Amino acid sequence: LFCGALLSAYWSRRYSARHVIIIGMIGIAIAVVWMLVAFMMAKLSLFTIVGPSFFLFSGLAIAYPNASMRAAALSHNKAVAMSVMNALALIVCSIVLYYGGALIHQGALMLPLLILVIWLVGLVSFIASYRQIGAS
């Protein structure tokens, strides 16, 4: 998280929020692919757990603050915008993890697949938000 926060602070001065969010999403995608490959090959070790976790948490630390500031900047009521954004993130993650927990007996591959689903929901909402802003 600390490395991601430092990178986020550095990149947010140089690039737009959109580009920094994309960089964070790429970091999360790297983590998901790394975990999927490691779990599919049944090569679970400290390296295949900690390595993707580094990219996952760094990507989150890069993308989430920039998305939050973007949501606050585009809203008239910043407190409501932040509350809605956090509530939606918690609801989506809770639903995916609840139903994913019911499928955990299917195998260890469920963990990276759940992270992939959450990442895809985030990607779709990111794309939809920019299309909506472009339309208005």
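Buried means under 20% relative accessible area, exposed means over 50%, and partly exposed lies in between (1.4 Å probe, protein chains only). This is a predicted model, in which local features need pLDDT of at least 70 and side-chain atom pairs count only at pLDDT 80 or more, while totals for chains, interfaces and linings use all residues. Residues are numbered from 1 along each chain as its sequence is written, and side-chain values use heavy atoms, with hydrogens and water left out.

**View 1. Cysteines Cys 3 and Cys 93.** Cys 3 is partly exposed because its relative accessibility is 39%. Cys 93 also counts as partly exposed, at 28% relative accessibility. Zero disulfides (pairs of cysteine sulfur atoms within 2.5 Å) turn up in a search of the whole structure. A disulfide is a covalent bond between the sulfur atoms of two cysteines.

**View 2. The whole chain and its confidence.** The chain has five helices and zero strands, where helices (H or I, at least four residues) and strands (E, at least two) are DSSP runs numbered from the N terminus. The pattern along the sequence is α-α-α-α-α. The C-alpha trace spans about 50 × 30 × 25 Å along its principal axes. Of the 136 residues in the chain, 29% are buried. Confidence is lowest in helix 5 (residues 110-135), with a mean of 76, and highest in helix 2 (residues 17-40), with 88. Where pLDDT is low, the predicted coordinates should not be read in detail.

**View 3. Helix 2 and the residue that follows.** Helix 2 has 24 residues, and the distance from its first C-alpha to its last is 34 Å, close to the 34 Å expected at 1.5 Å a residue. The expected span of a helix is 1.5 Å times one less than its number of residues. Among the buried residues of helix 2 are Val 20, Ile 21, Gly 24, Met 25, Phe 39 and Ala 38. For Ala 38, the relative accessible area is 5%, so this residue counts as buried. The C-alpha atoms of Ala 38 and Ser 129 are 33 Å apart in space, with the two residues 91 apart in sequence. After helix 2 comes Ala 42, which has a positive phi near 60°.

View 4. Leu 44, Leu 46, Ile 49 and Val 50 make a nonpolar surface patch of about 390 Å². Patches consist of residues with over 30% relative accessible area and no salt bridge, with like charges joined within 9 Å and nonpolar side chains (Val, Leu, Ile, Met, Phe, Trp, Tyr) within 5 Å. A salt bridge is a side-chain nitrogen of Lys or Arg within 4 Å of a carboxyl oxygen of Asp or Glu. Accessible areas come from the Shrake-Rupley method with a 1.4 Å probe, and for residues only the protein chains shown count as cover. Leu 46 belongs to helix 3 (residues 46-73). The relative accessibility of Leu 46 is 68%, so Leu 46 counts as exposed.

View 5. Ala 61 is found in helix 3 and counts as buried because its relative accessibility is 12%. From Ala 61 to Ile 104, 43 residues apart along the chain, the C-alpha separation is 27 Å. Ser 68 also lies in helix 3, and its relative accessible area of 8% makes Ser 68 buried. Ser 68 and Thr 48 are 20 residues apart along the chain, and their C-alpha atoms are separated by 30 Å.

**View 6. Helix 4 and Leu 90.** The 25 residues of helix 4 (residues 78-102) should span 36 Å at 1.5 Å a residue, and the end C-alpha atoms are 36 Å apart, which agrees. The buried residues of helix 4 are Ala 81, Met 85, Val 96 and Gly 100. Leu 90 lies in helix 4 and is exposed, with a relative accessible area of 59%.

Conventions: pLDDT is the predictor's confidence in each residue, from 0 to 100.
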